[in-house]
Number of protein chains: 2
Amino acid sequence: MGLTKTEHFTDKQNAIATMAKALGHPARIAIFEYLLKVDTCICGDIVNELPLAQPTISQHLKELKSAGLIKGNIEGTSICYCIDEKGLEKLQGYFTTISLKLNKKNNKCC
Amino acid sequence: MGLTKTEHFTDKQNAIATMAKALGHPARIAIFEYLLKVDTCICGDIVNELPLAQPTISQHLKELKSAGLIKGNIEGTSICYCIDEKGLEKLQGYFTTISLKLNKKNNKCC
DNA sequence: TTTATTTATCGTAATATTGCAATATAATAA
DNA sequence: TTATTATATTGCAATATTACGATAAATAAA
């Protein structure tokens with residue numbers, strides 16, 4: 001108990017859930033938006049930008065990365081993180097498809 | 001510690017994170033997709049459809065509802081759940097906007 | 001080599017989530 | 001009223017997440 005039953009759901013359902021979960025925290029939304037805002041995809045300025053300790057930011061970055069939403073490149077001592085377009089596209093595409101399907105049916109019962 | 005610092009983020013960031021988190025579980029993705037699939041927005045067939053116990057489904061429905069992603073209407077003894085278009089539109093709009101912004105900048109550093 | 005800088009990992013405490021059995025609630029049917 | 005049916009809530013155990021201090025690892029600079 002207390003363990004998500006991923007095996008009962010499809011790979012796609014699990015994949016979308018994983019990405020949605022990764023963005024299911026305001027700090028990770030803020031990190032994502034910061035990466036979108038800066039032109040040069042600067043790295044650990046995120047620590048200065050957000051009101052969280054460095055290990056916490058590092059952990060959030062790890063989760064976003066493992067969900068396929070950001071990428072990281074080593075640049076000297078620092079690491080350059082930026083948005084992974086493919087991951088974002090998957091998520092965006094999913095919600096757009098769902099929205100279109102919903103508009104096609106008459107969702108009037110509630 | 002262990003408590004999300006929502007007060008440090010904007011209302012919008014928290015709102016998007018809340019909705020993303022609600023869909024950050026494969027069972028809730030499956031519920032959402034089921035509600036999209038069925039024409040009449042039938043209710044507790046979800047319990048028969050998914051491999052989870054009734055209290056568990058009820059709990060997931062509650063989370064989707066409190067995140068503003070589904071609505072529920074009492075119909076006799078049963079309850080009719082269906083997708084809340086406004087919530088879905090907010091989430092879909094957010095990701096579409098982010099995607100468009102990303103396409104405008106040259107995201108080539110990583 | 002030594003020192004500084006940057007990021008990751010470890011360890012741990014606090015809190016949250018997941019799942020379900022048992023039970024409660026609420027509306028309908030008999 | 002007394003079932004019956006459908007959904008919600010409670011309580012609890014297992015697991016996961018969040019946050020951070022301390023520390024490690026890795027590269028760059030002196």
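Which element gives the largest share of the surface near DNA strand D? In this predicted model, where local features need pLDDT of at least 70, side-chain atom pairs count only at pLDDT 80 or more, and totals for chains, interfaces and linings use all residues, side-chain values use heavy atoms, with hydrogens and water left out. Residues are numbered from 1 along each chain as its sequence is written, while chains are lettered from A and ligands numbered from 1 in the order in which they are written.

The largest share, 5 residues, comes from α4(A), helices being DSSP runs of H or I with at least four residues and strands runs of E with at least two, numbered from the N terminus. Of the 28 residues around DNA strand D, those that come nearest are Thr77(A), Gly2(B), Lys5(B), Gln54(B) and Tyr81(B), a residue being near a strand if one of its heavy atoms lies within 4 Å of it. Sugar and phosphate make up 70% of the atoms of DNA strand D that come within 4 Å of the protein.

Phosphate oxygens of DNA strand D lie 2.5 Å from a polar side-chain atom of Lys5(B), 3.1 Å from one of Thr56(A) and 3.2 Å from one of His25(A). The side chain of His25(A) is also joined to that of Thr4(B) by a polar contact of 3.4 Å (a pair of N or O atoms within 3.5 Å; within protein, one must be able to donate a hydrogen and the other to accept it, and residues adjacent in sequence count only if both atoms are side-chain atoms). Thr4(B) itself lies in the segment before α1 (11-22) of chain B.
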